[in-house]
Amino acid sequence: MKAVVATKTVKEIRIDVDKCTGCRACETVCSAFHAKPRYSSVNPARSRIRVVTDEINDEYVPVRAGNFTRAECDGRHFYQLNGKQYSECSFCRAACPSRDFFIEPDSGLPLKCDMCEDEPPLAQPLCVVACLPGCLTYEERQVETAVDETEEREAMARGLESLVNQHGIEAVIDRLKRLSKGL
Ligand code: SF4
Ligand code: SF4
Ligand code: SF4
């Protein structure tokens with residue numbers, strides 16, 4: 001693993017599950033924000049946040065998409081919450097090949113929360129803005145951190161592989177050439 005140390009602003013979303021009502025407004029705005037063109041459609045399957053829902057026990061746990069993982073992990077832990085058993089996968093943030101969560105339904109590309117990056121930047125991520133019950137709150141802080149370049153390259157390779165499988169190598173190369181020329 002190759003890592004470099006850098007100072008950066010860490011943007012965090014704190015989750016108070018006791019306040020989550022399971023309204024799924026966060027999923028709605030996230031998928032709309034990331035639609036192409038922006039706000040042109042709503043599809044929670046494209047959301048970078050998913051709410052694990054157990055309506056009978058009134059339990060709702062929002063989970064934001066984290067890094068892509070090439071293979072499912074060996075961990076098979078179970079969580080017991082208020083008498084109900086949940087698998088480790090229920091609360092896992094990974095875009096993992098063992099499930100549909102955090103995989104773009106059309107392209108198969110892994111989805112990852114990007115904190116609603118935009119130009120100019122938003123004051124707060126949209127899921128926080130949409131979360132009227134106050135389950136999600138936004139914070140920023142400065143930290144020194146190691147950047148795992150290998151992991152980022154693997155996620156990019158997976159994305160390119162998926163695009164090539166879907167569109168063919170020539171179409172992908174053609175698109176990259178046009179992008180490099182700003183077309
Ligand atoms: S918008 Fe807030 S309260 Fe509603 S499901 Fe999402 S996290 Fe829970
Ligand atoms: S979803 Fe997460 S916990 Fe489940 S197999 Fe994949 S990486 Fe492991
Ligand atoms: S911060 Fe933005 S990208 Fe991340 S889950 Fe919330 S709405 Fe989606």
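A residue is called buried if 20 or more other C-beta atoms lie within 10 Å of its own, exposed if 12 or fewer do, and partly exposed in between, with C-beta atoms placed from the backbone. The views below show a predicted model, in which local features need pLDDT of at least 70 and side-chain atom pairs count only at pLDDT 80 or more, while totals for chains, interfaces and linings use all residues. Residues are numbered from 1 along each chain as its sequence is written, and chains are lettered from A and ligands numbered from 1 in the order in which they are written.

View 1. The secondary structure comes to 4 helices and 6 strands, where helices (H or I, at least four residues) and strands (E, at least two) are DSSP runs numbered from the N terminus. Along the sequence these elements follow the pattern β-α-β-β-β-β-α-β-α-α, and the C-alpha atoms fill a box of roughly 55 × 40 × 40 Å, taken along the principal axes. Of the 183 residues, 19% are buried. Two residues are in contact if their C-beta atoms, placed from the backbone, lie within 7 Å; among contacts between residues at least 6 apart in sequence, 65% join residues at least 24 apart.

**View 2. Leu136 and its surroundings.** Leu136 lies in strand 6, which covers residues 136–148, and Leu136 counts as buried because 23 C-beta neighbours fall inside 10 Å. Leaving aside residues up to four places away in sequence, Leu136 touches Ile13, Ile15, Cys26, Pro62, Cys127, Val128 and Cys131. Asp16 is 120 residues from Leu136 in sequence, yet the two C-alpha atoms are 6.5 Å apart in space.

**View 3. The largest nonpolar core.** A nonpolar core is a set of buried Ala, Val, Leu, Ile, Met, Phe, Trp, Tyr and Cys residues joined through C-beta atoms within 7 Å. The largest such core has 22 residues, and those with the most contacts inside it are Cys26, Val29, Cys30, Ala95, Cys127, Cys131 and Leu136. Helix 1 and helix 2 each supply at least two residues of this core, and helix 1 gives the most, with 4 residues. Cys127 touches Cys26, Val29, Cys30, Ile49 and Leu136, again not counting residues up to four places away in sequence.

View 4. A residue is taken as near a molecule if its C-beta atom, placed from the backbone, lies within 6 Å of it. Ligand 3 is surrounded by 13 residues, the closest being Cys30, Cys113, Cys116, Pro125 and Cys127. Helix 1 (25–33) and helix 2 (126–130) each supply at least two residues of this shell, with the largest share, 3 residues, coming from helix 1. Counting Ala, Val, Leu, Ile, Met, Phe, Trp, Tyr, Cys and Pro as nonpolar, Asp, Glu, Lys and Arg as charged, and the others, Gly among them, as polar, the shell around ligand 3 divides into 10 nonpolar, no polar and 3 charged residues. Around ligand 2 there are 11 residues, of which Glu72, Cys73, Cys89, Cys92 and Cys96 are the closest, and by class this shell has 5 nonpolar, 3 polar and 3 charged residues.

View 5. Strand 4 (residues 78–81) and strand 5 (residues 84–87) pair in the antiparallel sense over 4 bridges, pairing being assigned if DSSP finds at least two bridges between two strands. The bridge partner of Tyr79 in strand 5 is Tyr86. The hairpin has 2 residues between the strands, and Asn82 takes a positive phi near 45 degrees.
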